[in-house]
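User: I would like to go through this model piece by piece. Please take the sheet, a helix and the ligand site in turn.

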Amino acid sequence: MAGNQTTLLLPTPVRTAIERLNERGFEAYAVGGCVRDSLLGKEPKDWDVTVSSTPDETKEVFSDCRIIETGVKHGTVTVLLCGEPLELTTYRLDGDYLDNRHPSSVSFTRSLEDDLARRDFTVNAMAYHPARGIVDLYGGRDDLAKKLIRAVGDPNKRFDEDGLRILRALRFASVLGFSIEEATDRAIHEKKDLLCNISPERIREEFCKLLLGVSAKEILLDYSDVLSVFLPEIAPAVGFDQKSVYHCYDVYRHMVEAVAVSKPDLVTRLVLYFHDIGKPSTFYEDERGGHFRDHAPRGAEIVEKILLRLRFPNDTVERVTNLVYRHDTPIPPTEKSVKRLMQKFSDEDIDRLMEIKRCDRLAHAEGHREPVESLTAIPELVKKIREDAACFNLSGLAVKGGDLIAIGIPEGPEVGILLNDLLEKVIDGELPNDKSALLTYLQTKR
Ligand code: ATP
Ligand code: MG
């Protein structure tokens, strides 16, 4: 295991943990994503340390520290060092992967080589020690330089062991802006159906990271067959000719092009990736070309099913579904229409809706795009309505249900109907948002 001269900057807790374990006769290395990202000159999100000590031995070495035992079954002891949690994971050999889902057993080993061999891709299979340098047994550094995702060992076998690696390959390629090495690429397409065996939560996690990556566009386009395994709803959109002068791309490509020009925000990108998913099933053609009436509500139904299936949190499902539903609805730049929008969406989601419309427009055929400049008027109106403290919903209305009951309106559904009626009139500027004016109006109307 030849070392080399490369020096990585380790955070103090990582250096301290490695030193302490070494003093007690154990091996310890920074490993995986943190080594990869450091070599790429990026700041690692977190630092993983792989150690030759068993979990019990690790706990013993850090017996004076606070320890969190949640991952011990898998060999991970979390130690609080300098106030920060650090994961120390015993060198592992993964057992047989009987169901392509998770290792049927975890066995510990004293060999770093074994631990690196079980890792998914060469760029993720490097370890680093301050005195020994980088341990790179599979050409990870070469692949970093070539910007390649390559399976450690035989890709077919590695995907058979754990089908999630197929999606992880796409995720890393998207996030790092890498290509996928030929044999690994072939195995991904061949073995894609193994993703059927993977839990929705694990799929969701990798898919979201993929969607936010710098090369999301290339990966979403090149691997739509793989993504269709867990997103069968996208398959009809791939290659679907829109028969429209407004579009230079098929439905799928249009959605991906919209993702590609968007800010890397998860809700925004989920909406854009699925925004026209209702088009294939609502398509009809006449002498003027293709039409997709009600494709947005249809898309909202489809996307809701997808997100529930992938176990997204309820608020994400709701947000994305509502934004898909509304992505195509025109918003006149008037206070009235913006107030109605504010009833349905938070200010943050209105900003998202504008970003969604911007990206959707940019992904239309040149010369047939609505200008994106006009979209800035909407957030400005939101700001003005906020500054004026103008009423746009029932909680801002100057009368409440109790006020109506006090003037003799019977308790019951009529109260709600009247309140909503008043709100509409206030928003339309037909009545001032003033208690006595509103009550007088009601009394004269009755
Ligand atoms: P990120 O910066 O996104 O966290 P990461 O490389 O740390 O990237 P993790 O998913 O946190 O990715 O995994 C940590 C390390 O564990 C990986 O670098 C890899 O060595 C190994 N690993 C994780 N999942 C698998 C898997 N399914 N099969 C093989 N090795 C894996
Ligand atoms: Mg990580």
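**Sheet, helix and ligand site**

Analyst: Five of the six residues of E4 are buried, so E4 is largely enclosed by the rest of the structure. Buried means under 20% relative accessible area, exposed over 50%, and partly exposed in between (1.4 Å probe, protein chains only). Helices (H or I, at least four residues) and strands (E, at least two) are DSSP runs, numbered from the N terminus. This is a predicted model: local features need pLDDT of at least 70, side-chain atom pairs count only at pLDDT 80 or more, and totals for chains, interfaces and linings use all residues. Residues are numbered from 1 along each chain as its sequence is written, chains are lettered from A and ligands numbered from 1 in the order in which they are written, and side-chain values use heavy atoms, with hydrogens and water left out.

User: What is the order of the open sheet of seven strands?

Analyst: Two strands pair if DSSP finds at least two bridges between them. Strands E3 (67-68) and E9 (133-135) are the edges, each pairing on one side only. The pairing is mixed, and the order is E3-E4-E5-E2-E1-E8-E9.

User: In which sense do E4 and E5 pair, and over how many bridges?

Analyst: Two bridge pairs place the strands: Leu81 partners Glu84, and Thr78 partners Glu87. E4 covers residues 76-81 and E5 covers 84-90; their pairing is antiparallel, over six bridges.

User: Which residue takes a positive phi in the hairpin of E4 and E5?

Analyst: The hairpin has two residues between the strands. The one with a positive phi, near 50°, is Cys82.

User: Which residue in E4 stands opposite Ile67?

Analyst: E3 and E4 also pair in the antiparallel sense, over two bridges. Opposite Ile67 stands Val79.

User: How many of the ten residues of helix H12 are buried?

Analyst: H12 spans residues 251-260 and is mostly covered. Its buried residues are Val251, Tyr252, His254, Met255, Val256, Glu257, Ala258 and Val259. They pack against H9 (200-211), H10 (216-222), H11 (224-230), H13 (266-274) and H17 (347-362), where contact means heavy atoms within 4.5 Å.

User: Is Thr316 buried or exposed?

Analyst: Thr316 lies in helix H15 (residues 314-326). Not counting residues up to four places away in sequence, Thr316 touches Val267, Leu270 and Leu307. With a relative accessible area of 12%, Thr316 is buried.

User: How much of the accessible area of ligand 1 does the protein cover?

Analyst: A polar side-chain atom of Asp162 lies 2.8 Å from a nitrogen atom of ligand 1. On its own, ligand 1 has 590 Å² of accessible area (Shrake-Rupley method, 1.4 Å probe). The protein covers 81%.

User: Which element gives the largest share of the shell around ligand 1?

Analyst: The shell has 14 residues, the closest being Arg36, Asp162, Arg165, Arg168 and Arg171; near means a heavy atom within 4 Å. H2 (33-39) and H7 (164-176) are the elements that give two or more residues. The largest share, four residues, comes from H7.

Definitions and conventions. Polar contact = N/O pair within 3.5 Å; in protein donor to acceptor, adjacent residues only side chain to side chain.
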